[in-house]
Amino acid sequence: ISSSLRILELLAETCVESGVDTRFTSVYETPLRVTSVDQVKKDIEWADTVLLAFPLYVDGLPSGLNELLEGLVQSGAEYPGKTFRVICNCGFPEAHQCDVAVDMCSLFCADVGMTWAGGLSLGMGGMLGGKPIKGDGGPTKKIHGALVKLANEIAMGQSISNELNELIRTPVLPKWLYTFIAGIMMKRSFKPKDSNLKINHRPYN
């Protein structure tokens, strides 16, 4: 399960507790097929507000998401009166790495006539690891608190506040510690099972 889905699960749970109906729409209908523009149109028309959560990909939007947003614009879709928010997460320690992708989403928002209610950039997304985001301790406690605050702002019809923006951009760990842990986890994921092969092994040099 992706970290973006875990973010949306927590937001939806908190919104429902506040009496807000929610609906999930995935960018991908199958792993290799983008959800149809017509289906996404129906979901947007149902909603009063849209929140898009996605991972940073090559300093921008994932290709499937980019294809879907372009399809909506090219279809001539217009959604006046609806609000639009985004939250982009990345594995980099610095939240600002997501800022360009968030700005790209604001341009889409303008193209389809929605009201831009703000975007959030979340660094150190590797801490989520595709697991449920809990607020009972650990490095994800601050992220949990920020997302609950976002859900409350959505329920009250408010744009993303400067306070929330600063809160979610604050690193949950010192940069050196995060990169150290991330390096260990990356080496473990690259290492074949039952093998002594090292990540920097160069047998043919």
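Q: How many bridges join strand 4 (residues 83–89) to strand 5?
A: This is a predicted model, numbered from 1 along each chain as its sequence is written, in which local features need pLDDT of at least 70 and side-chain atom pairs count only at pLDDT 80 or more, while totals for chains, interfaces and linings use all residues. Side-chain values use heavy atoms, with hydrogens and water left out. Helices (H or I, at least four residues) and strands (E, at least two) are DSSP runs numbered from the N terminus, and two strands pair if DSSP finds at least two bridges between them. Ile87 stands opposite Leu120 in strand 5, and the bridges that join strand 4 to strand 5, which run parallel, number six.

Q: What is the average twist from one strand to the next?
A: The sheet is open and has three strands in the order 3-4-5, paired in parallel. Strand 3 (49–55) and strand 5 (115–122) each have a single partner strand, so one side of each, at the edge, is left without a neighbour in the sheet. From one strand to the next, the twist averages 15°.

Q: At about what angle does helix 1 (residues 3–17) run to strand 3?
A: Axes are lines fitted to C-alpha atoms, for helices over the stretch in contact, and angles run from 0 to 180 degrees between N-to-C directions. Helix 1 lies across strand 3, strand 4 and strand 5, and its angle to strand 3 is about 150°.

Q: How are helix 2 and helix 3 oriented to each other?
A: The axes of helix 2 (residues 37–46) and helix 3 (residues 63–74) come within 10 Å and cross at roughly 75°. Angles under 35 degrees count as roughly parallel, over 145 as roughly antiparallel, 65 to 115 as roughly perpendicular and the rest as oblique. The two helices are therefore roughly perpendicular.

Q: How many residues of the contact of helix 2 with helix 3 are nonpolar?
A: Contact (heavy atoms within 4.5 Å) is made by Val37, Val40, Lys41 and Ile44 of helix 2 and by Leu68, Gly71 and Leu72 of helix 3. Ala, Val, Leu, Ile, Met, Phe, Trp, Tyr, Cys and Pro count as nonpolar, Asp, Glu, Lys and Arg as charged, and the others, Gly among them, as polar. One residue is polar and one charged, while the nonpolar residues number five.

Q: Is Val58 buried or exposed?
A: Val58 is found in the loop between strand 3 and helix 3, and has a positive phi of about 50° although it is not a glycine. Most residues other than glycine have a negative phi. With a relative accessible area of 69%, Val58 is exposed.

Q: Is Thr35 buried or exposed?
A: Thr35 is found in the loop between strand 2 (33–34) and helix 2. Leaving aside neighbours within four places in sequence, Thr35 is in contact with Ser26, Val27, Tyr28, Glu29, Val40 and Leu68. With a relative accessible area of 11%, Thr35 is buried.

Conventions: Buried means under 20% relative accessible area, exposed over 50%, partly exposed in between (1.4 Å probe, protein chains only).
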